Amino acid sequence: SSLGVSPVKISEYILAKCVPMMIIGTIVALVIGITAGVATLPGLVSGVGLSSFVFSLCGLFVASNIRTLNGFMIAVVPFEIFLCVPAILYLFGILKGSYYFLHPGIAAISLISGENSMWILKMISLCVWTVAAYILCEKAVMKSFASMGGAKI
């Protein structure tokens, strides 16, 4: 495979996959937010930007270990459940409490929805999840590249 022998570094490959997704998602959210008259655009932009990066890293992590689209669709379900279900429950008021912002989905949805309380802790939480997801993704992509015939990069 050409990826296995390409001169690109693992970090460059991951960033090349995740940063465009983050930028596109953030621009679309910004346009929708401005059109809808959202008052807290910084929360919207930071919540969408960081959460899209985390979601992209999780998708790349899964994709690096899967060889078919059907396999990817099945393997990504646990990540979707972990990231989305608590956020939906929080959004509809089923989960209540101020400590739930430690979950990346809840931190993102509360920033996006304009909850200003503890916004710095929510940002820190999303940043910690981003770093953790990046580390796991980097290891998975490195293993995937090595299995394609590439040397350790």
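The largest nonpolar core in this predicted model has 12 residues: Ile10, Tyr13, Ile14, Cys18, Phe53, Leu57, Leu60, Ala133, Tyr134, Cys137, Val141 and Phe145. A nonpolar core here is a set of buried Ala, Val, Leu, Ile, Met, Phe, Trp, Tyr and Cys residues joined through side-chain atoms within 4.5 Å. Because the model is predicted, local features need pLDDT of at least 70 and side-chain atom pairs count only at pLDDT 80 or more, while totals for chains, interfaces and linings use all residues. Residues are numbered from 1 along each chain as its sequence is written, and side-chain values use heavy atoms, with hydrogens and water left out.

- A second, separate core of 6 residues includes Leu50, Ala107, Met123 and Leu126.
- Beyond its neighbours within four places in sequence, phenylalanine 53 is in contact (heavy atoms within 4.5 Å) with Leu15, Cys18, Val19, Met22 and Thr130.

- You will find methionine 118 in the loop between helix 6 (104-112) and helix 7 (119-147).
- Methionine 118 has a positive phi of about 55 degrees, although it is not a glycine. For context, most residues other than glycine have a negative phi.
- Methionine 118 counts as partly exposed because its relative accessibility is 31%; buried means under 20% relative accessible area, exposed over 50%, and partly exposed in between (1.4 Å probe, protein chains only).
- Met118, Trp119, Ile120, Leu121, Ile124 and Val128 make a nonpolar surface patch of about 550 Å². Such patches take residues with over 30% relative accessible area and no salt bridge, with nonpolar side chains (Val, Leu, Ile, Met, Phe, Trp, Tyr) joined within 5 Å; a salt bridge is a side-chain nitrogen of Lys or Arg within 4 Å of a carboxyl oxygen of Asp or Glu.

**Cysteines**

- The whole structure holds 0 disulfides, a disulfide being a pair of cysteine sulfur atoms within 2.5 Å.
- Cysteine 137 has its closest cysteine sulfur in cysteine 18, 5.8 Å away and so too far for a bond. With 0% relative accessibility, cysteine 137 counts as buried.
- For cysteine 127, the closest cysteine sulfur is also in cysteine 18, but at 15 Å, so it is too far for a bond. Cysteine 127 counts as partly exposed, at 37% relative accessibility.

Key: Patches are made of residues with over 30% relative accessible area and no salt bridge: like charges are joined within 9 Å, nonpolar side chains (Val, Leu, Ile, Met, Phe, Trp, Tyr) within 5 Å. Accessible areas come from the Shrake-Rupley method with a 1.4 Å probe; for residues, only the protein chains shown count as cover. Helices (H or I, at least four residues) and strands (E, at least two) are DSSP runs, numbered from the N terminus.
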